[in-house]
Amino acid sequence: MGGHTGIAETPQTRTMVVPRHLAVIMDGNGRWAKSRNLSRTQGHRQGVVAVREIVANAADLGIQYLTLFSFSSENWARPESEVRDLMGLLKLFIRKDLSTLDKQNVRVTVIGGRNGLAPDIVALLEEAESKTCKNTGLTLVIAFNYGARQELVETFQALAREVQAGRLAPDAIDEGMISASLYSAEIPDPDVILRTSGEQRLSNFLLWQAAYSEFIFVDCFWPDFDRRQLELALEEYGRRNRRFGGLAVDDLTDDAQVVATGS
Ligand code: IPE
Ligand code: IPE
Ligand code: MG
């Protein structure tokens, strides 16, 4: 099956395709711990080890943007002690890892609501962003206190205020303007959204940005997600055929190819 570059053709093909932007719903810390008779806290701690690993591997593979869903706007519904643990782990991660991330040339950026977060957490998130803002390697997008519906609500409120002030005509609002008003304004849409732990749902993650993402669901719990698991996921991505509403190259008739290339 020659003459075809990029995405692989057969289910047997084992070629990794490296996406520009990989977004990950890191799920299953609790079940990982339970299966080992450990506490949920220990599961989350092991989850941080897997975070370090995927950051290094993503950078090594040449992924440009890695988004990690670390705490959702709905996770406040968990017991207070678990919320405290998760906040503590984020602080620990930034305090311990920021200089390593900086040395790895990683640029950190954070998406999510800052209202409702403790001032010391906001300060650490801002420090992570400002310390690494000039780095040119992997962009690590930490989705923390993130909820896609809230992101859209804030975006629409901001645009409505512009309209009310007479600075924006309603008809001038287009898709690009909405994208540019999201927390993720500077970040391209994710090519792949990967979720671990066997759950197959978005849980309020990147609803607008996921319009044409490829979804990959894997059974392994987040703490078990290692280099090999990442490579398998990128092989799966390599077997996908992204059409964006058009036709795959192989499906184009000669006539259609003429239309598609405009010649
Ligand atoms: C993911 O693991 C971590 C967060 C949501 C913060 P979970 O804590 O959701 O683990 P399970 O789903 O209970 O196994
Ligand atoms: C999604 O996982 C949020 C994060 C991974 C941070 P959850 O475990 O919170 O999702 P649900 O509640 O099972 O949908
Ligand atoms: Mg979960």
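A pocket, on a 1 Å grid over the protein atoms alone, is an open set of points with protein on both sides within 12 Å along at least five of seven lines. I count a molecule as sitting in a pocket if more than half of its atoms lie within 2 Å of the pocket's grid points.

**Entry 1. Ground rules**

I note that this is a predicted model, in which local features need pLDDT of at least 70, side-chain atom pairs count only at pLDDT 80 or more, and totals for chains, interfaces and linings use all residues. Residues are numbered from 1 along each chain as its sequence is written, chains are lettered from A and ligands numbered from 1 in the order in which they are written, and side-chain values use heavy atoms, with hydrogens and water left out.

**Entry 2. Ligand 2**

I looked up the place of ligand 2 and found that its space is the largest pocket. I then listed its surroundings, taking a residue as near if one of its heavy atoms lies within 4 Å of the molecule. The shell consists of Ile25, Met26, Asp27, Phe69, Ser70, Phe71, Ser72, Asn75, Arg78, Arg195, Arg201 and Ser203. Strand β2 contributes the most to this shell, with 4 residues. Here strands are DSSP runs of E of at least two residues and helices are runs of H or I of at least four, numbered from the N terminus.

I next checked polar contacts (pairs of N or O atoms within 3.5 Å; within protein, one must be able to donate a hydrogen and the other to accept it, and residues adjacent in sequence count only if both atoms are side-chain atoms). Ser203 places a polar side-chain atom 2.6 Å from an oxygen atom of ligand 2. For Arg201, a polar side-chain atom lies 2.8 Å from a ligand 2 oxygen. An N or O atom in the side chain of Arg195 is 3.2 Å from an oxygen atom of ligand 2. Taken alone, ligand 2 exposes 390 Å², of which the protein buries 78%. These areas come from the Shrake-Rupley method with a 1.4 Å probe.

**Entry 3. Arg195**

Is Arg195 buried or exposed? Arg195 is buried, because its relative accessible area is 4%, and buried means under 20%, exposed over 50%, and partly exposed in between (1.4 Å probe, protein chains only). The side chain of Arg195 has a polar contact of 2.8 Å with that of Asp27. A polar contact also joins the side chains of Arg195 and Ser203, at 2.8 Å.

**Entry 4. Ligand 1**

I turned to ligand 1, whose space is likewise recorded as the largest pocket. Of the 13 residues around ligand 1, Asp27, Gly30, Arg31, Arg40 and Arg78 come nearest. Helices α1, α2 and α3 (80-103) each supply at least two residues of this shell, and α1 gives the most, with 3 residues.

The side chain of Asp27 has an N or O atom 2.9 Å from an oxygen atom of ligand 1. In Gly30 it is a backbone N or O atom that lies 2.9 Å from a ligand 1 oxygen. Arg40 brings a polar side-chain atom to 2.9 Å from an oxygen atom of ligand 1. On its own, ligand 1 has 380 Å² of accessible area, and the protein covers 86% of it.

**Entry 5. Strand β2 in the sheet**

I returned to β2 (residues 65-72) and found 7 of its 8 residues buried. Which strands pair with β2? Strand β1 (residues 21-25) pairs with β2 in the parallel sense over 5 bridges, and strand β4 (residues 139-146) pairs with β2, also in the parallel sense, over 7 bridges. Pairing requires that DSSP find at least two bridges between the strands. Bridge partners include His21 with Tyr65 of β2 and Leu66 with Leu140 of β4.

**Entry 6. Loop residues**

I looked up Asn37, which has a positive phi of about 60 degrees although it is not a glycine. Asn37 lies in the loop between α1 (29-34) and α2 (40-61), and counts as exposed because its relative accessibility is 75%.

Phe244, also not a glycine, has a positive phi of about 50 degrees. Phe244 is in the loop between α7 (227-239) and α8 (254-261); with 49% relative accessibility, it counts as partly exposed.

Last, I checked Thr136, in the loop between α4 (119-132) and β4. Thr136 is exposed, at 67% relative accessibility. Its C-alpha atom is 6.8 Å from that of Arg107, 29 residues apart along the chain.

How values were computed
On a 1 Å grid over the protein atoms alone, a cavity is a set of points where a 1.4 Å probe fits but cannot get out, and a pocket is an open set with protein on both sides within 12 Å along at least five of seven lines; lining residues have an atom within 4 Å of a point.
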